[in-house]
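Visitor: Could you walk me through how to read helix packing, burial and backbone angles in a model like this one?

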Amino acid sequence: MGFDNPNIPWRELERRLSGRPFPGVRQDGGDSPAWSRKREEYVALQLPRTSTATPYAELHAHSSFSFLDGASAPEELAEEAARLGLTSLTLTDHDGMYGVVRFAEAAEKIGLATGFGAELNLDIPLPRTQAEKLIAARVGVPDPPGHHLLALARDPDGYASLCRVISKAQLRGGAKGRPVYDLDEITDAADGHWLILTGCRKGAVRQALDSGGDPGRVLDELIARFGRDNVVVELTHELDPLADERYDTLYELARSRRLQAVATTGAHYHAPPRRPLATALAAVRARSSLDEIDGWLPSWAGQHLRSGDEMAERFARWPGVVDAAARIGAEIAFPLKLIAPDLPPFPVPSGHDEMSYLRELTYQGFAEWFAGKPHETKARDIIEHELEIIEQLHFPGYFLVVWEISRFCREQGILAQGRGSAANSAVCYALRITAVDAVYYELM
């Protein structure tokens, strides 16, 4: 609100503060509560596919969920990757997995293989003043301090451990955009389930190279921490006059350490037309004008996805880097739906697993609540059907947890009642999670 705002009726002010959508305005499908409380399902586009003779997978791409850094939605990146004929695309937003659900949903419907990673911001100075807090949040300065570590999940276990490390760092930082990572903690969490890329210009190896330091020593430190098989030297697509010289050095470093080198675009938007928006975002982040930020930006407009043929032409002087990207992209690709968290193991008596114990408890309840009744046979058939589904979905532990809570409440005289879909379950009735015989009352 401001002094120059127009008069707003109280009902309109309440509507805006409550986040209800504008009446009669078409929803944009975004995540903002100002537009919709539930994002609409992604509808796959009929995309023209570019014919390319070179298999290529992008291993380093940022979406708009890299705040004030990426300029394209995850869906747009997936669509452009499919249009260009990429074999897979790995999303690597800053310090989080915020965009992976939208990315994975779109990619699945398009038929694009997906990889997941994150670019971790390391060594950001602890903020003391308000100005330093802005810098820590990566705003107010043209080039934020610190360096990046690009970590790609090799498998669902790697995804889970990467999420845990990021969550701990965000909690430890205590401020937006200021995660505090512990390098030893990162090393332990990786445990062979991450692939570490040396990154773009903010990666420690590139920073050492550009500053006249010893990039070989920095690369050796990464190898010592993560293992030779888990470190890859990255050649990020650039067109400035010194790019080829840097590529020569990085490529030779990889060969001397018997490491794989890969080519990436380090994409921050999906296609060239998004460049003006990316520039504006950079200016907003730096709290500067477009003229002031211009000297800090690359002299070439190229941080977008590219086809395999285009990457092969650019990196023809460094054999194998494009092929390696395609191979690694295939190795680390998996669908997000594989990452379904399992409940902690439920303690069961000796000689039982969770499913056999659940079955025993269910039939103990069956003998008490269904046996001898006219619908006994029907109830037995329904219970067997439900137990089969519970086993297929790997949910016995969940039912055991709820059973234990319900039993505790009864023992302590606490009123508790299962509700919702539990009321339609014969297993829940047999376990005393619910009190209504849904079989008898034909509520199934």
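This is a predicted model: local features need pLDDT of at least 70, side-chain atom pairs count only at pLDDT 80 or more; totals for chains, interfaces and linings use all residues.

Visitor: How many helices and strands does the protein chain have?

Guide: Helices (H or I, at least four residues) and strands (E, at least two) are DSSP runs, numbered from the N terminus. Here the protein chain has 17 helices and seven strands. Of its 444 residues, 46% count as buried, where buried means under 20% relative accessible area, exposed over 50% and partly exposed in between (1.4 Å probe, protein chains only). Among contacts (heavy atoms within 4.5 Å) with a separation of 6 or more, 74% join residues 24 or more positions apart.

Visitor: At what angle do H2 and H3 pack?

Guide: Axes are lines fitted to C-alpha atoms, for helices over the stretch in contact, and angles run from 0 to 180 degrees between N-to-C directions. Helix H2 (residues 74-83) and helix H3 (residues 100-110) pack at about 30°, with axes 8 Å apart. They are therefore roughly parallel, given that angles under 35 degrees count as roughly parallel, over 145 as roughly antiparallel, 65 to 115 as roughly perpendicular and the rest as oblique. The contact uses Pro74, Glu75, Ala78, Glu79 and Ala82 of H2 with Arg102, Phe103, Ala106, Ala107 and Ile110 of H3. These residues divide into seven nonpolar, no polar and three charged; Ala, Val, Leu, Ile, Met, Phe, Trp, Tyr, Cys and Pro count as nonpolar, Asp, Glu, Lys and Arg as charged, and the others, Gly among them, as polar.

Visitor: Is H2 enclosed by the rest of the structure or open, and what do its buried residues pack against?

Guide: An α-helix has 3.6 residues a turn, so residues three or four places apart point the same way. In H2, eight of the ten residues are buried, so the helix is largely enclosed by the rest of the structure. Its buried residues, including Leu77, Glu80 and Ala81, pack against strand E2 (88-91) and H3. Just after H2, Gly85 takes a positive phi of about 80°.

Visitor: How do H14 and H15 cross?

Guide: The axes of helix H14 (residues 354-369) and helix H15 (residues 376-392) come within 11 Å and cross at roughly 160°. That makes H14 roughly antiparallel to H15. Contact residues include Leu358, Tyr363 and Phe366 of H14, and Ile383, Leu387 and Ile390 of H15.

Visitor: What span should H13 have?

Guide: The expected span of a helix is 1.5 Å times one less than its number of residues. For the twelve residues of helix H13 (residues 321-332) that should be 16 Å, and its end C-alpha atoms are 16 Å apart, which agrees. Among the buried residues of H13 are Val321, Ile328 and Ile332.

Visitor: Where are Arg258 and His394 found?

Guide: Most residues other than glycine have a negative phi, and most peptide bonds are trans. Arg258 has a positive phi near 55° and sits in the loop between helix H9 (243-256) and strand E7 (260-264). His394 has a positive phi near 60° and lies in the loop between H15 and helix H16 (396-411). Arg258 is exposed, with a relative accessible area of 65%, and His394 counts as exposed at 65% relative accessibility.

Key: Residues are numbered from 1 along each chain as its sequence is written. Side-chain values use heavy atoms; hydrogens and water are left out.
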